[in-house]
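Dear colleague,

Please find the structure below, handed over for your study.

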Amino acid sequence: MKNSILISCIVTVFLFSCDKNDDGNKENLPAPISIELSSQEVQMTQSGHNAAMNLFSIIHEQQSGDENIIFSPLSLNMALAMVWNGAGSETKQVIQNTMGMDDYSPAEVNAYFRKLRETFVKTDPSVRLALANSIWYRLDLPVKEAFIQTNKTEYDAEVSAVDFSDPRTLSIINQWCSRHTNGLISEMIKEIPGNAVMYLLNALYFKGNWADKCGFNSSATADAPFTKEDGSKTTVKMMQQNNTLRYYQDEYLALTALPYGNGAFSMLFVLPQPGVSFEAMTIQLKQNGYWEQCLRSVEAYDVDLYIPRFKTEYEITLNDVLKQAGMGIAFTKSADFSEISDASLCISQVKQKSYIEVNEEGTEAAAVTSI
């Protein structure tokens, strides 16, 4: 059952509605903290969305077999941003392009990610959201202090010089991943190669219950057919509800949003229209400004919502994806990471592991990206 998912923290820019027969007994939750974005930050968000859709499209294109895809562009970009702070010349530019940060200055890019990191975790106290960053480097690697201080200040990164030859180091790094994903991702790194000199990691964790009146009644969950991407069908546990939800459709897709907690975060469900392939929908999602136009166009409708109850994990090495996206030089001897160290460095592996569970009560999700 290929069911492609982007795990990303989506801050809703509209008020939500759930249950057209709402009796007013809503949970006593504070209103979402407003995240004020400048016109430049709005543009950065939009270009970041476009970059994420492009990477997702490449992942989908490269994947073989009948496997679910989970991808967290937020986790990847946080890890890439830390590496980008240590890059120079063409290497720095191609990483910046891959993140969708165009030609913004280092100060502007770092301030943008710092705002996301600091405000996301505060906007809804009823959900658990954590973003953590860390850098681990070999004891004998001469790392430049400016690189360390930038990532400590802007990304709140934990930085440790460790002995990569000590078997305990592997366990310590994996314990860090487990601790920051509530135990969902406990073995991110299986072994440390002899030529590895640094790991940069981002961990993302989210757990939220559906907003009041937006949850599913477990007694209504029943076996039902689910149509795969290739048109074949499989039987799943299908959750269902009828509700007043934000909804949008056009000739390519139908979209609805189900909010969590106080409405600051939502899960967006996107379905290709009949006769539109998943690939064709993905191509449209990559068009500049299209995703934002979809979100701006949502309106309240009476929606019959059918969602499979599911839990899945995914692991992917992103080297080929990032090379196809234009980051190839960063993986070669021509890479310039002179702002990290005067030693000759290049990226050897970018990997992401992800987890998501969606049920009648809400969602738990996690992702770790290692570079």
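The structure holds one cavity of 30 Å³ or more. On a 1 Å grid over the protein atoms alone, a cavity is a set of points where a 1.4 Å probe fits but cannot get out, whereas a pocket is an open set with protein on both sides within 12 Å along at least five of seven lines; lining residues have an atom within 4 Å of a point. Points are joined across faces, edges and corners, and a volume is the space filled by probe spheres set on them.

Please note that this is a predicted model, in which local features need pLDDT of at least 70 and side-chain atom pairs count only at pLDDT 80 or more, while totals for chains, interfaces and linings use all residues. Residues are numbered from 1 along each chain as its sequence is written, and side-chain values use heavy atoms, without hydrogens and water.

The largest cavity contains about 40 Å³ of space. Its lining includes Gly48, Leu55, Phe71, Asn77 and Met99. Helix α1 gives the largest share of this lining, four residues; helices (H or I, at least four residues) and strands (E, at least two) are DSSP runs, numbered from the N terminus.

The second largest pocket holds about 590 Å³. Of its 28 lining residues, Ala196, Val197, Met198, Cys346 and Ser348 are the closest to its centre. Strand β5 (residues 198-209) gives the most to this lining, with three residues.

Yours sincerely
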